[in-house]
Each structure stands twice: as C-alpha cells, then as structure tokens.
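Subject: Structure handover

Hi,

Please load it first, then read my notes below.

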Amino acid sequence: MSWRCCVSGCGSEGVPLFRIPKFNESLKTALKEKKKERRIVWLQKLNVKECDLNNNTRVCSRHFASGRPCKNSFDNSHPDWAPSLHVRNSVFDRVVQRNISRHSRRLERESRTLEKNSYMAYLL
Ligand SMILES: [Zn+2]
C-alpha cells in the first residue's frame, strides 16, 4: 500500500507521511478536546473536509517546519502543531517562518528563566 499526501497539488513522493490527528469520541478528557480542536485546525489548513478523509489519508513532511508534527497536542503554540507550509500561499509561509522563530525565542527565554530561577533557589 502506498500512500499519498492529501494536500492538493503536493504530490510529494518518498517523503515521510503522517496521519491526521484522531480522537476517541467516548473519552471525556482534556486530551480528547485538544485533539478534536487539532484535527479541525488541520482540516482547515489542509483545505479538506471530514467526508474526504479515510484511513489512508496522510499528510507529508513538506508541510511541517521541522519535517514532522509536534508530539504534544497541548502545545498549540508550536509551529508544527498543525501543518502550515506549502498549504496556501507564500505570504502564509512567511507568517509561519516568523512564528517559528518567535516560538524558538520563547523556548530560549523559558529555559533562561528556568536557569535563573534554579540559581535563585540555590542562593536562598
Ligand atoms: Zn504534501
């Protein structure tokens, strides 16, 4: 079975493919709600409808800044929380690039704050 990327006009071959996030409707957890939200955002970005999907629907690595979706469904500030590259137009791609650098700056800032706080705790 060979899968293809569902993004119209993509047609990438020989690149990693990823499933659309799924959630278990019977669960009543925060994770389910987050995954549901994530799935909706993915479909919007990919410009596909729920009825167009089947078990073989995949998205290729070209649509993620890091080449793959981020693992943490709760981290919706992560640029790869949803596919974003090569799905619309180049203006949109530029916005994504900016978000990526903003996100990495935030992570840097957080790790610096963490270091500072542990240093302060050490002093006390
Ligand atoms: Zn693709």
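A nonpolar core here means a set of buried Ala, Val, Leu, Ile, Met, Phe, Trp, Tyr and Cys residues joined through C-beta atoms within 7 Å. The model is predicted. With that in mind, the core comes first.

The largest nonpolar core has 12 residues in all. Its members are Cys5, Cys6, Val7, Trp42, Leu46, Val59, Cys60, Phe64, Trp81, Ala82, Leu85 and Val87. Two elements, α1 (30-46) and β2 (58-60), each supply at least two residues of this core. Look at alanine 82 in particular. Beyond its neighbours within four places in sequence, alanine 82 is in contact with Arg38, Val41, Trp42 and Lys45. Of these, Trp42 is also listed in the core.

Next, the overall layout. The protein chain has 2 helices and 2 strands. Read from the N terminus, the order is β-α-β-α. The radius of gyration is 18 Å, whereas a compact globule of 124 residues would come in near 14 Å. The C-alpha atoms fill a box of roughly 60 × 40 × 25 Å along the principal axes. Buried residues make up 17% of the 124. Take the contacts with a separation of 6 or more: 59% of them join residues 24 or more positions apart.

Two single residues are worth a look.

- Glutamate 37 sits in helix α1. It counts as partly exposed because 16 other C-beta atoms lie within 10 Å, and the buried class needs 20 or more. Its C-alpha atom is 9.7 Å from that of asparagine 76, which is 39 residues away along the chain.
- Glycine 11 belongs to the segment before β1. Glycine 11 has 9 other C-beta atoms within 10 Å, so it is exposed; the limit for that class is 12 or fewer. From glycine 11 to cysteine 60 is 9.1 Å, C-alpha to C-alpha, across 49 residues of sequence. Cysteine 60 is itself one of the core residues.

Last, confidence. The mean pLDDT of the protein chain is 86, and 91% of the residues score at least 70. Which element has the lowest mean pLDDT, and which the highest? Helix α2 (residues 90-123) is lowest, at 79. Strand β1 (residues 17-19) is highest, at 95. Where pLDDT is low, the predicted coordinates should not be read in detail.

Over to you.

Best wishes

Terms used
Residues are numbered from 1 along each chain as its sequence is written. This is a predicted model: local features need pLDDT of at least 70, side-chain atom pairs count only at pLDDT 80 or more; totals for chains, interfaces and linings use all residues. pLDDT is the predictor's confidence in each residue, from 0 to 100. Helices (H or I, at least four residues) and strands (E, at least two) are DSSP runs, numbered from the N terminus. Two residues are in contact if their C-beta atoms, placed from the backbone, lie within 7 Å. The radius of gyration is taken over C-alpha atoms; the globule rule is 2.2 Å times the number of residues to the power 0.38.
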